[in-house]
Amino acid sequence: MRELMNLNTDNLILQALAEDITSEDITTNSVMPKYQLGEVSLICKQDGVIAGLSVFCRVFELLDADVKFDLKAKDGDEVKNGQLIGTVTGDIRVLLEGERTALNYLQRMSGIATYTHSIAVLFEGSKTKLLDTRKTTPNMRVFEKYAVKTGGGYNHRYNLSDGILLKDNHIGAAGGVAEAVRMAKEYAPFVRKIEVEVENLNMVKEAVDAGADIIMLDNMDIETMKKAVEYIDGRAETECSGNVTKENVKELTDIGVDYISCGALTHSAPILDFSLKGLHRI
């Protein structure tokens, strides 16, 4: 599994490192001109759910394969403020060069996992699954969607090649719901499900009649969603989207939709703070 993750992420991590080190780390090279073995501690500074430890480690490994890690937590663990997460041992120059990039990944991914977990627990006891969206940071999607899963959520389609979702502008371009679904069925492989975004009950009826596999109820009020789910009556899977908050999750799951998608999981999650402290020579 880790080898597969590396295959998909190494180039992105190298780009992040190149962004931070265009030619050299002039500060580190001025105080540490040659090899010196050292060790530094990874400390958690907030309570939350940790995600991205393998990415954190990979940053240093791409700079120097000889860096060693002694981790005392794993992805998905609940961590506490002040907790020692582990130690990193290697060339001090590498520890200093990779510090910010490694922490950026770990903090961002752990923040998403923590925020996702805080919402996912509200789904316990319901049949509804919490989904992410494509509202991700450019070049961070693979990391952010992994973090959602670590926090207890599920992934919607990964990208535009991964699934058919006919949104309002696709429907407008095609000339209506029925025509959009017809064209999608004609073009796409039969193994692909077709999802349609609808905004009112008339569009719901059109999507059902057209044979949509999934119907997304977008920005509807609670009463309209209830009527939509009753009308669909299992003839398609249902998803609701738009303005999903911790405060209204219970109302939404009570409607009985199959999925609730929430862009805030990735676009609004604050970071979970970590630091590398106590660097010393060995």
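Predicted model: local features only at pLDDT ≥ 70, side-chain atom pairs only at ≥ 80, totals over all residues.
Which residues is E97 in contact with, once its neighbours within four places in sequence are left aside?

**Entry 1: E97 and its surroundings**

Leaving aside the neighbours within four places in sequence, I found E97 in contact with I21, D25, N29 and L63. I then looked up where E97 sits, and the residue lies in helix α4. E97 is buried and yet has no salt bridge, for the nearest side chain of opposite charge, R93, is 6.2 Å away.

**Entry 2: R93 and its partner**

R93 meets the side chain of D91 in a salt bridge, at 2.7 Å from N to O.

**Entry 3: other salt bridges**

I noted that the structure holds 15 salt bridges, and I looked at some of them one by one. As a reminder to myself, side chains of opposite charge can pair when their charged atoms come close.

E144 forms a salt bridge with R108, and the closest N and O atoms are 3.2 Å apart. E144 belongs to helix α5 and R108 to helix α4, so this pair ties together parts that are 36 residues apart in sequence. Both ends are covered: E144 is buried with a relative accessible area of 0%, and R108 counts as buried at 17% relative accessibility.

The side chains of K167 and E197 also meet in a salt bridge, at 2.9 Å from N to O. This pair links distant parts of the chain, with K167 in the loop between β7 (164-166) and α6 (168-174) and E197 in strand β8 (residues 194-198), 30 residues apart. K167 is partly exposed, with a relative accessible area of 28%, while E197 is buried, with a relative accessible area of 5%.

I also wrote down a network of salt bridges that links D10, R58 and E61.

**Entry 4: helix α5**

How many of the 10 residues of helix α5 are buried? I looked along residues 141-150 and found the helix mostly covered, with 7 of its 10 residues buried. The buried residues of α5 are V142, F143, E144, K145, A147, V148 and T150, so that list includes the charged E144, whose relative accessible area is 0%. Just after α5, I noticed that G152 takes a positive phi of about 105°.

I turned to an open sheet of 4 strands, which has the order β3-β5-β1-β12 with antiparallel pairing. Its edge strands are β3 (68-71) and β12 (274-281), each of which pairs on one side only. Neighbouring strands of this sheet are turned against each other by 20° on average, direction ignored. Looking at one pairing in detail, I saw that strand β1 (residues 37-44) and β12 pair in the antiparallel sense over 6 bridges, and that the bridge partner of C44 in β12 is F274.

Helix α3 (residues 53-63) lies across β1, β3, β5 (84-91) and β12, and runs at about 160° to β3. Helix α4 packs on the sheet as well, touching β1, β5 and β12, and its direction makes about 165° with that of β12.

**Entry 5: the largest nonpolar core**

Which residues touch the most other members of the largest nonpolar core? Of its 78 residues, I found that F56, V196 and L217 do. The largest share of this core, 11 residues, comes from helix α4 (residues 92-120). In soluble globular proteins, nonpolar side chains tend to be buried together.

I then listed the surroundings of L217, again leaving aside neighbours within four places in sequence: L217 is in contact with V198, V204, M225, A228, V229, I232, E239, C240, S241 and V257.

**Entry 6: E251**

My last stop was E251, which lies in helix α10 (residues 249-255). E251 counts as partly exposed because its relative accessibility is 45%. E251 and I222 are 29 residues apart in sequence, and their C-alpha atoms are 7.6 Å apart in space.

Terms used. Residues numbered from 1 in each chain as written. Heavy atoms only, no water. Buried < 20%, exposed > 50% of the residue type's maximum accessible area, 1.4 Å probe, protein only. Helix = DSSP H or I, 4+ residues; strand = E, 2+ residues; numbered from the N terminus. Core = buried A, V, L, I, M, F, W, Y, C linked by side-chain atoms within 4.5 Å. Contact = heavy atoms within 4.5 Å. Lys, Arg positive; Asp, Glu negative; His and termini not counted. Salt bridge = Lys/Arg side-chain N within 4 Å of Asp/Glu carboxyl O. Pairing = 2+ DSSP bridges. Axes fitted to C-alpha atoms, helices over the stretch in contact; angles between N-to-C directions.
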